[in-house]
Amino acid sequence: MTKTTTSTARVLLTADHHFGHEAVLRMSGRPFASIGEHDEYLVEAWNASVGPKDEVWHLGDFAYKCTQEHAARVFSRLNGVKRLVHGNHEKRGKTLPWASQHEGFVDTVIEGRRAFLCHYAFRAWPGAFRGTLHFYGHTHGLLPDTRQSCDVGVDRWQYRPASFPEILARLEATEALPEEVALGQAQDAAREADEA
């Protein structure tokens, strides 16, 4: 599915808030005394980063192990035009009034750059050899970035959505190529050496 982002509002990406999920504090080492403190901090961090007209792509796991009412209350407090790419913990998230919801992945254009959005990290993705970027969540900051891919989850971005320019700056500061691109370049170099 392709969706082109054409508005003049800023675009931000995020994932893995796990609103209402008490166990995420321990599982991800989040520095909060309670899930209530966690949720309040993440709402404040979201709204400090996102304006009312900004577009936010949430790449899954919005809320988990909480009541539907809690998820809806949190959602209603968040700024921006909110879009969801479903994660693996999306029972609550699917019922909320997102501007759009997507199962699987979204192949889109953000500020003139092709972007492949999914809850899960891919080792290879459409257009990687032509510079397509890949953004994901799910890993809670465990996977290293490459020049073309990174985890946009809150565990990597001070518990807030990240703006597209911030993400691009992080990618530009990363030396590692995506695995498929690095292997392809090595294969091309070996072929050229054999032909020489």
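## An exposed loop residue and the basis of the model

At 60% relative accessibility, Lys-65 counts as exposed; the classes are buried for under 20% relative accessible area, exposed for over 50%, and partly exposed in between, with a 1.4 Å probe and protein chains only. Lys-65 is found in the loop between S3 and H3, and has a positive phi of about 60° although it is not a glycine. Helices (H or I, at least four residues) and strands (E, at least two) are DSSP runs, numbered from the N terminus.

This is a predicted model, in which local features need pLDDT of at least 70 and side-chain atom pairs count only at pLDDT 80 or more, while totals for chains, interfaces and linings use all residues. Residues are numbered from 1 along each chain as its sequence is written, and side-chain values use heavy atoms, with hydrogens and water left out.

## The annotated region

The UniProt annotation "domain: Calcineurin-like phosphoesterase", from an unreviewed entry, covers residues 43–143. UniProt positions are given in the numbering used here, feature names are shortened, and annotations may be inferred rather than shown by experiment. Over residues 43–143 the chain is 17% helix and 28% strand. The end C-alpha atoms of residues 43–143 are 25 Å apart.

Strands of a sheet pair through backbone hydrogen bonds, either parallel or antiparallel. In this model, an open sheet of five strands has the order S5-S4-S3-S2-S10, with mixed pairing. Strand S5 (100–102) and strand S10 (162–163) stand at the edges, each with a single partner strand, so one side of each is left without a neighbour in the sheet. Two strands are taken to pair if DSSP finds at least two bridges between them.

Strand S3 (residues 55–58) is covered on both faces: Glu-55 and Trp-57 on one side, and Val-56 and His-58 on the other, are all buried. S3 runs parallel to strand S4 (residues 81–85), to which four bridges join it, and the bridge partner of His-58 in S4 is Leu-84. Between S3 and S4 the chain passes through helix H3 (residues 68–77), and this β-α-β crossover is right-handed. That term applies if, with the strands pointing away from the viewer, the path from the first strand over the helix to the second runs clockwise.

## Strand S2 and its partners

Strand S2 (residues 11–14) is parallel to S3, with four bridges joining the two. Thr-14 stands opposite His-58 in S3, and Leu-13 stands opposite Trp-57 in S3. Val-11 and Leu-13 point one way from S2, Leu-12 and Thr-14 point the other way, and all are buried. With S10, S2 pairs in the antiparallel sense over two bridges; the bridge partner of Leu-12 in S10 is Ser-163.

Thr-14, which lies in S2, is buried with a relative accessible area of 0%. Thr-14 and Ala-162 are 148 residues apart in sequence and 6.4 Å apart in space, C-alpha to C-alpha. Asp-16 is found in the loop between S2 and helix H1 (23–27) and is likewise buried, with a relative accessible area of 0%. Phi of Asp-16 is near 60°, a positive value in a residue other than glycine.

## The largest pocket

Rolling a probe the size of a water molecule over the atoms shows where empty space is left. The largest pocket has a volume of about 160 Å³. A pocket is an open set of points on a 1 Å grid over the protein atoms alone, where a 1.4 Å probe fits, with protein on both sides within 12 Å along at least five of seven lines; lining residues have an atom within 4 Å of a point. Grid points are joined across faces, edges and corners, and a volume is the space filled by probe spheres set on the points.

The lining includes Phe-122, Arg-123, Trp-125, His-134, Ser-149 and Glu-179. The lining residues divide into seven nonpolar, three polar and two charged. Here Ala, Val, Leu, Ile, Met, Phe, Trp, Tyr, Cys and Pro count as nonpolar, Asp, Glu, Lys and Arg as charged, and the others, Gly among them, as polar.

## Partly exposed residues

Arg-170 lies in helix H4 (residues 164–172) and, at 21% relative accessibility, counts as partly exposed. The C-alpha atoms of Arg-170 and Ser-149, 21 residues apart along the chain, are separated by 9.7 Å.

Glu-111 is found in the loop between strand S6 (105–110) and strand S7 (113–118). At 46% relative accessibility, Glu-111 counts as partly exposed. The C-alpha atoms of Glu-111 and Pro-165 are separated by 9.3 Å, at 54 residues apart along the chain.
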